[in-house]
Amino acid sequence: TYKVVQDLSREMQLDYAPEYHLVNFYANGEYQGLYVLTEKMNIGYHRVNIDSSYKDVTGGYLYELDDLDYEGEINLFNTEQGHTYLIKDPLIVKQSQLEYSITLWNLYEKAVYSPTGYNELGGYYGDYMDIDSLAKLWLFLEVNGEYSVSSSVYFYKDSDSRGDGKIHALYP
């Protein structure tokens, strides 16, 4: 099923889907089965192609929404709505970068959870999140019967000088 899911992500033109290979795995001369060897989500030219956040506090970041698995990790933060995010890349961030990320996600979530779609600063949720990429992600999750959206859902944010200033959803 992994191959079908990966191929579907490419057909839906999601921003990024990891490369993968199907591998027959043997251990001590005994066949253990067919496994999927896949690359990790990382910032890079042939991966999530965004600017390094060391140049600009506004990006690039690779985020993972994970309310289940990452307690105690560095670069981990909780939003006021209670969601847990991890800055996956870069691995080491400055305090200003962490504060920027926390503020960005809080402003987005406040707008999403408000009855009007606007936060207290007048920011609309579409000002913070690329709605097309989010819609593709939700459709992808629905088609694949993925009901756990609280673990290992990825997003990226390019620098404001290079990108559109918004968070973008990625294939989970």
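**View 1. Surface and overall make-up of the predicted protein chain.** The accessible surface of the protein chain comes to about 9900 Å², and 52% of that area belongs to carbon and sulfur atoms; areas come from the Shrake-Rupley method with a 1.4 Å probe, and for residues only the protein chains shown count as cover. Of the 172 residues, 42% count as buried, meaning under 20% relative accessible area with a 1.4 Å probe and protein chains only. The chain contains four helices and seven strands, which follow one another along the sequence as α-β-β-β-β-β-α-α-α-β-β; helices (H or I, at least four residues) and strands (E, at least two) are DSSP runs, numbered from the N terminus. This is a predicted model, in which local features need pLDDT of at least 70 and side-chain atom pairs count only at pLDDT 80 or more, while totals for chains, interfaces and linings use all residues. Residues are numbered from 1 along each chain as its sequence is written, and side-chain values use heavy atoms, with hydrogens and water left out.

**View 2. Confidence along the chain.** The mean pLDDT, the predictor's confidence in each residue from 0 to 100, is 81 for the protein chain, and 73% of its residues reach 70 or more. Where pLDDT is low, the predicted coordinates should not be read in detail.

**View 3. The largest nonpolar core and helix 2.** This core, a set of buried Ala, Val, Leu, Ile, Met, Phe, Trp, Tyr and Cys residues joined through side-chain atoms within 4.5 Å, has 21 residues, of which Tyr63, Phe77, Ile87, Trp105, Met129, Leu134 and Phe155 touch the most other members. Helix 2 gives the most to this core, with five residues. Buried residues of helix 2 include Leu98, Ser101, Leu104 and Trp105. Isoleucine 87 is in contact (heavy atoms within 4.5 Å) with Leu98 and Ser101, among others, when residues up to four places away in sequence are not counted.

View 4. Asparagine 119 is found in the loop between helix 2 and helix 3 and is buried, with a relative accessible area of 7%. Its side chain makes a polar contact with the side chain of tyrosine 128 at 2.9 Å; such a contact is a pair of N or O atoms within 3.5 Å, where, within protein, one must be able to donate a hydrogen and the other to accept it, and residues adjacent in sequence count only if both atoms are side-chain atoms. A polar atom of the asparagine 119 side chain also lies 3.1 Å from the backbone oxygen of leucine 107.

Methods: Buried < 20%, exposed > 50% of the residue type's maximum accessible area, 1.4 Å probe, protein only.
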